[in-house]
Amino acid sequence: MTALAPPAPETIERFPCFGGRCTVLVQGSGPAGSALEAAARVKQRLLEWHAQFSRFDGESELSRLNRDLRWCVPVSAIMTRFVEAALT
């Protein structure tokens, strides 16, 4: 008979984001820290992206880009990746 290891600590974060609800589930620890620390980091990153790419926030990078009338508009590296992903 083999003994089972206890389950690794688990953290679940649920929050409004991207016009819906996001859920982050992390089990165990790793390079991002404990499950609680890693879930908090993921939640923070998703909320940052939500603020940056929201078309409902007039101050988001996406909204500023959409209303800029110039032919060539400087954007952040992550916005470049976002547009590239949307076009593929």
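In this talk, a residue is called buried when its relative accessible area is under 20%, exposed when it is over 50%, and partly exposed in between, with a 1.4 Å probe and protein chains only. By that scale R45 is partly exposed, with a relative accessible area of 45%.

The model is predicted, so local features need pLDDT of at least 70 and side-chain atom pairs count only at pLDDT 80 or more, while totals for chains, interfaces and linings use all residues. Residues are numbered from 1 along each chain as its sequence is written, and side-chain values use heavy atoms, with hydrogens and water left out.

The largest nonpolar core consists of nine residues, namely F15, C17, C22, V24, V26, A35, A38, A39 and L46. Such a core is a set of buried Ala, Val, Leu, Ile, Met, Phe, Trp, Tyr and Cys residues joined through side-chain atoms within 4.5 Å. Two or more of its residues come from each of β1 (10-17), β2 (20-27) and α1 (35-53), and α1 gives the largest share, four residues. Helices (H or I, at least four residues) and strands (E, at least two) are DSSP runs, numbered from the N terminus.

K43 itself is partly exposed, at 26% relative accessibility.

How many salt bridges does the structure hold? There are three, a salt bridge being a side-chain nitrogen of Lys or Arg within 4 Å of a carboxyl oxygen of Asp or Glu. Another of them joins the side chains of E48 and R45 (3.9 Å, N to O). Both residues lie in helix α1, three residues apart, about one turn of the helix, and E48 is partly exposed at 40% relative accessibility. D68 and R70 also form a salt bridge, with their closest N and O atoms 2.7 Å apart; D68 is partly exposed at 23%.

I turn now to the aromatic residues. A search of the whole structure gives one aromatic pair. Rings of Phe, Tyr and Trp (its six-membered ring) pair if their centres lie within 6.5 Å; planes under 30 degrees apart count as stacked, over 60 as edge-to-face and the rest as tilted. F53 and F82 are stacked, at 4.5 Å centre to centre and 10° between the planes. F53 is in helix α1 and F82 in helix α3 (residues 77-87), 29 residues apart. F53 is buried, at 14%, whereas F82 is partly exposed, at 38%.

Finally, the backbone at F18. This residue sits in the loop between β1 and β2 and is partly exposed, at 44%. Most residues other than glycine have a negative phi.
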